[in-house]
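This report covers charged side chains and one surface patch. The structure comes first.

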Amino acid sequence: MKMINDIAYWFISSGTATVLFIFAWKYLKPVLEVKKLHAKTLQEKEVLDVLEKLANTTVTSLVSNQALTGHDKFKEATKIVGGTLADKGFNVNQTTVEHAIQSAYEKNDLTPTNPQPNQVKTGVTVTNVTIPTDKIEDISAGQIKTGVINND
């Protein structure tokens, strides 16, 4: 027993234990960092999945509300989703919430995302004239056309 104690004492006092610990730490630290990063990535993926599902549910519930305009629906959905995630303890950036809501609106079957082909476009066109910036006020009324623009 005394021999085992002497070996353990020599192991600690000679610095061998310190060298062995440092050597092991140099190899274990990168492995632990990778595991930490992997766990953080998985957690963020799960939070984004929850965010997407919550945004889809919120958009579906608000899309048929005729009392609110589109911008008001978007603000309300952002407030609901952000508040719900904060209540559950998730820390999500406001921009990420807004992007998830926008994506949910675009994916929702109840909201049209493509303009209708029969939709009328209006605008102002100046015909065949290059106007210097100091002469913008001098545009004659005959050079400006307003009205319906063809969808071609």
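A search of the whole structure finds 4 salt bridges, a salt bridge being a side-chain nitrogen of Lys or Arg within 4 Å of a carboxyl oxygen of Asp or Glu. The model is predicted, so local features need pLDDT of at least 70 and side-chain atom pairs count only at pLDDT 80 or more, while totals for chains, interfaces and linings use all residues. Residues are numbered from 1 along each chain as its sequence is written, and side-chain values use heavy atoms, without hydrogens and water.

Among the salt bridges are these:

| Pair | N to O distance | Helix |
|---|---|---|
| K2 and D6 | 3.6 Å | α1 |
| D49 and K53 | 3.5 Å | α2 |
| K79 and E76 | 3.7 Å | α3 |

Helices are DSSP runs (H or I, at least four residues), numbered from the N terminus. K2 and D6 are 4 residues apart, about one helical turn; K79 and E76 are 3 residues apart, also about one turn. K2 is exposed at 61% relative accessibility, whereas D6 is partly exposed at 41% (buried means under 20% relative accessible area, exposed over 50%, partly exposed in between; 1.4 Å probe, protein chains only).

K73, in helix α3 (residues 70–87), is buried yet has no salt bridge. The nearest side chain of opposite charge, D72, is 9.6 Å away. A polar atom of the K73 side chain lies 3.0 Å from the backbone oxygen of V63.

F21, I22, W25, L28 and L32 form a nonpolar surface patch with about 540 Å² of accessible area together. W25, in helix α2 (residues 16–62), is partly exposed at 42%.

Methods: Patches are made of residues with over 30% relative accessible area and no salt bridge: like charges are joined within 9 Å, nonpolar side chains (Val, Leu, Ile, Met, Phe, Trp, Tyr) within 5 Å. Accessible areas come from the Shrake-Rupley method with a 1.4 Å probe; for residues, only the protein chains shown count as cover. Helices (H or I, at least four residues) and strands (E, at least two) are DSSP runs, numbered from the N terminus. Lys and Arg count as positive and Asp and Glu as negative; His and the chain ends are not counted. A polar contact is a pair of N or O atoms within 3.5 Å; within protein, one must be able to donate a hydrogen and the other to accept it, and residues adjacent in sequence count only if both atoms are side-chain atoms.
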